[in-house]
Amino acid sequence: MSRSPSLPERPRLELDPDMTPDERLEALREHFTEIVEVNEQLTEQLDAARDRQTDLTDEVDQLERENETLKTSSLYIATAEELTDDGVVVKQHGNNQEVLTEVSPSIRDDLEAGDRVAINDSFGVKQILDPETDARAQAMQVDGSPDVSYDDIGGLEEQILEVREAVEEPLINADQFREIGIEPPSGVLLHGPPGTGKTMLAKAVANETDATFIKMAGSELVRKFIGEGARLVRDLFELATEREPAIIFIDEIDAIAAKRTESKTSGDAEVQRTMMQLLSEMDGFDERGEIRIIAATNRFDMLDRAILRPGRFDRLIEVPNPDIEGRERILEIHTEDMNLAGDVDLGAFATETDGLSGAELASLATEAGMFAIRDGRTTVEQADFHDALEKIEGDDDASSVPVAFA
Ligand SMILES: Nc1ncnc2c1ncn2[C@@H]1O[C@H](COP(=O)(O)OP(=O)(O)OP(=O)(O)O)[C@@H](O)[C@H]1O
């Protein structure tokens with residue numbers, strides 16, 4: 001760094017008492033000239049200092065911006081494979097690229113081979129990910145014994161039968177399938193509008209067969225766990241093997257199995273890898289024993305047909321919005337524990353709720369209860385259901401309909 005020039009000496013006025021007036025005048029003139037010179041030098045130095053200050057402020061601003069970008073830019077996930085004297089070998093998830101990279105001593109001290117780490121664009125290790133941020137734990141919801149039974153599901157009698165045949169039977173009577181010599185369906189795809197009970201169906205089968213329910217949301221795989229999709233799919237099947245009998249439930253499968261688009265962005269390539277991993281896991285599924293796989297989608301039209309081939313999701317079950325009987329049954333289920341007034345006629349009310357999904361009917365029941373509470377009553381009347389319906393229908397944005405849980 002350049003050092004700042006030293007300040008010019010302050011001129012001194014030396015007047016001798018023996019000086020003549022002319023000599024004094026001359027001395028004063030010289031002093032004045034010196035002061036003017038020093039003043040000019042100081043002004044120059046001040047200008048230079050101001051310029052330097054402006055430069056430095058600009059530099060600071062730029063560094064701050066860079067720092068901000070560094071802080072906010074995405075980091076990639078990798079595994080520290082080996083710690084050597086020359087640095088650390090990391091393997092990036094997703095593309096499996098292996099690089100030897102340097103690590104700051106503070107991180108190096110805590111790093112062990114096998115740790116998951118976050119790396120930046122130049123593969124610098126920025127942080128060690130602790131077990132709580134383990135994507136496997138975050139991406140999968142594991143439920144040892146889901147508490148949904150077939151009786152909790154309204155209006156899907158046919159679908160329940162189909163799911164029992166395709167998922168429950170092969171799990172319970174695996175030997176019978178073997179003896180007869182037929183392959184049970186590999187995977188079951190539930191498709192239909194949102195909130196119609198697809199997740200409930202999958203949970204109910206797991207409950208009925210005492211299987212572990214392992215759920216993974218396709219949308220989260222591509223949004224939240226960039227670069228890890230394929231590995232997580234592998235982990236998903238591994239976990240199911242550890243916990244069998246198990247039901248794997250992949251919600252919103254369209255997020256990883258949409259028809260291929262023309263664009264070839266890295267995001268697409270990543271989604272493609274995740275889907276290929278899923279297909280290869282399913283193709284090697286026969287030897288897996290007591291694991292069944294169910295997927296769900298609201299966007300059947302978007303699916304890549306490759307996942308529907310025999311040996312993959314080869315049993316399609318449509319789960320539509322409920323018909324009038326279905327709506328009445330769903331309303332009954334969701335008002336079972338409610339204190340209903342004598343005037344409540346759920347059958348009549350079901351005729352007025354054409355087009356509503358199971359989730360919307362569930363939230364309608366909760367909303368009717370809220371109207372009674374607001375009115376200071378302890379019983380829910382037919383008028384509360386009408387008020388609730390008006391409220392829900394007035395809500396143009398269907399996505400903001402609150403979803404009640406059974
Ligand atoms: N057929 C049904 N019978 C009873 N309750 C239902 C039914 N369908 C939906 N519900 C209610 O709606 C909630 C959400 O349903 P669920 O998550 O099973 O729907 P989904 O079809 O999986 O929805 P999405 O496609 O949005 O994931 C359930 O917890 C339940 O309260």
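Trainee: Where does Leu13 lie?

Mentor: Leu13 lies in the segment before α1 (21–72); helices (H or I, at least four residues) and strands (E, at least two) are DSSP runs, numbered from the N terminus. Residues are numbered from 1 along each chain as its sequence is written. This is a predicted model, where local features need pLDDT of at least 70, side-chain atom pairs count only at pLDDT 80 or more, and totals for chains, interfaces and linings use all residues; side-chain values use heavy atoms, without hydrogens and water.

Trainee: Is Leu13 buried, partly exposed or exposed?

Mentor: Buried means under 20% relative accessible area, exposed over 50%, and partly exposed in between (1.4 Å probe, protein chains only). With 37%, Leu13 is partly exposed.

Trainee: How do I read a pair of aromatic rings?

Mentor: Look at the distance of the centres and the angle of the planes. Rings of Phe, Tyr and Trp (its six-membered ring) pair if their centres lie within 6.5 Å; planes under 30 degrees apart count as stacked, over 60 as edge-to-face and the rest as tilted. Searching the whole structure gives two aromatic pairs. In one of them, Phe213 and Phe249 have ring centres 5.8 Å apart and planes at 25°, so they are stacked.

Trainee: Which parts of the chain does that pair link?

Mentor: Distant ones: Phe213 belongs to strand β8 (residues 212–217) and Phe249 to strand β9 (residues 246–251), 36 residues apart. Phe213 is buried, at a relative accessible area of 0%, and Phe249 is buried, at 0% too.
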